[in-house]
Structures are given as structure tokens and as C-alpha cells.
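Okay, thanks for coming, everyone. Have a look at the model on the screen, and I'll talk you through the sheets, the helices and a few side chains.

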Amino acid sequence: MTARLAGIGVPDAPAAWEAIGCTVVDGAIPFANGALLLGCDGIFVAETNDPVPSSRELRTGSHAIVPAVAHSSGAFELDHVVLLTNSLERTSQAVHDTFGLERRRLREAGAVRQAFHRFADPPGGGGRGCIVEVVESDRVAETTMMGVVINVADLFELADRLGPGVMSLPKPAVQPGRHISTVRRDVGLGTAVALMTP
């Protein structure tokens, strides 16, 4: 059975997220398809009677679902989380075994190898399921989270409002027809964060 995403842990204090227009509720930044859980590490699935399968490959846990709230940034859902690994096959298999997520796509472009898994859409038509992107890299010795990408309603308006000192100018994303912007490290976030058009 496919697990339902409850949240992704990020090592940050609330102030940095509030500075980019995200609403923090009891240590969480809730979206339609999962939350960012501040001061945590790992991928957390919805609490059920069944324990989360243990994994030596992935940091996991269970957490209550936090209802979505409005954000002044227009952020509304998690697009994807990026995991770096020194073995695409091992980590992709662990994502499948731990969360029940089938590998939907394998992308090989020169030296770049990526695998894509996706959590189920939240119930009640509440948006799209978050993607788990696994990227192979010889720069890491163990699987680590590289960053998260969040969808916002109006990326260009947000970039104008926050300014280039907070986020980069939107540019075309890899996904056709979409644009992406990165949050500057000076904001104080402990993980890489990008914002994207739906």
C-alpha cells in the first residue's frame, strides 16, 4: 500500500520561512499535499496502525497530517524533494520498499541519472502528490536531502515583491512551460529551496 506523505523535515527556525511568506503553525508549514516540519530530518508519512518500514537508506518517521493553511507567498503545495545518493538503484529501491512508491521514470542525460517516484494525490482533490526525485552523485557517501521545491500561485509577483536579495529572478524550468526561482542562502534556510510555477 502506498503511504501518504505527512511532511518533509527541514532544519530551520520559523523566522526564515516567515520571511519568504510562509505561515508556520506549531512548527510546521502546511500545504495541501504535506508539510515542511521544522527542526526535523527525514520523510514522514501519515500516522496509521502500521509502523513505517525501517530503512537503513532513508530517514523516516510518522507524523499527524497537518491541515493546509494559506500563505502570503501564494505557496500551496510541495512539488518535489530531491535526494542525493551514490547509488541510484539502491536508493530508488528503498523509496519503493519503504513508502510503496513505484518508480515512474528513469532519466539518464550524460553523467546525470535521476529516478522519480510520486506520493499519491491527497484525498478530496487537494492537489498533486509530492515527487521524490533521486539523483545519483559521487559527491555524497550516504543518501542526503538536497532540497525541496514548492509550487506558488504567482512566482513573478512574488519575485517582484520579495526582490533579488531574497530570491533569484524566475527562469525557465526543466519542465516545459514552467518557471523556477531559488531562495537565496542569505535568507537563512538550512536546506536548498526553490519556488516554481504550477
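An open sheet of 5 strands runs in the order β2-β3-β1-β4-β5, and its pairing is mixed. The strands here are DSSP runs of E with at least two residues, helices are runs of H or I with at least four, and both are numbered from the N terminus. Two strands count as paired if DSSP finds at least two bridges between them. At the edges sit β2 (28-31) and β5 (60-63), each pairing on one side only. From one strand to the next, the twist averages 25 degrees.

Quick word on the ground rules. This is a predicted model, where local features need pLDDT of at least 70 and side-chain atom pairs count only at pLDDT 80 or more, while totals for chains, interfaces and linings use all residues. Residues are numbered from 1 along each chain as its sequence is written, and side-chain values use heavy atoms, with hydrogens and water left out.

A46 has H63 as its bridge partner in β5.

Now the other sheet. Here 8 strands form an open sheet, ordered β7-β8-β9-β6-β10-β13-β12-β11, again with mixed pairing. β7 and β11 (171-172) are at the edges with a single partner strand each, so one side of each has no neighbour in the sheet.

Helices next. α2 packs on the sheet and touches β6 (75-85), β7, β8 and β9, its direction making about 5 degrees with that of β8. Helix α3 (residues 155-162) packs there too, touching β10 (144-152), β12 and β13, at about 25 degrees to the direction of β12. Those angles run from 0 to 180 degrees between N-to-C directions, with axes fitted to C-alpha atoms, for helices over the stretch in contact; contact means heavy atoms within 4.5 Å.

At the β7 end, β7 and β8 are antiparallel over 6 bridges, with E108 opposite R113 in β8. The two make a hairpin with 2 residues between them, and G110 in the turn has a positive phi of about 65 degrees.

Side chains, then. Which residues touch the most other members of the largest nonpolar core? Of its 42 residues, they are W17, L36, F99, I150 and L195. A nonpolar core is a set of buried Ala, Val, Leu, Ile, Met, Phe, Trp, Tyr and Cys residues joined through side-chain atoms within 4.5 Å. Buried means under 20% relative accessible area, exposed over 50%, partly exposed in between, with a 1.4 Å probe and protein chains only. Beyond four places in sequence, W17 contacts include C22, L36, I150 and V193.

What about aromatics? Rings of Phe, Tyr and Trp (its six-membered ring) pair if their centres lie within 6.5 Å; planes under 30 degrees apart are stacked, over 60 edge-to-face, the rest tilted. That gives 1 aromatic pair. The ring centres of F99 and F119 are 5.6 Å apart with planes at 55 degrees, so it's tilted. F99 is in helix α2 (residues 88-99) and F119 in the loop between β8 (112-118) and β9 (131-136), 20 residues apart. Both are buried.
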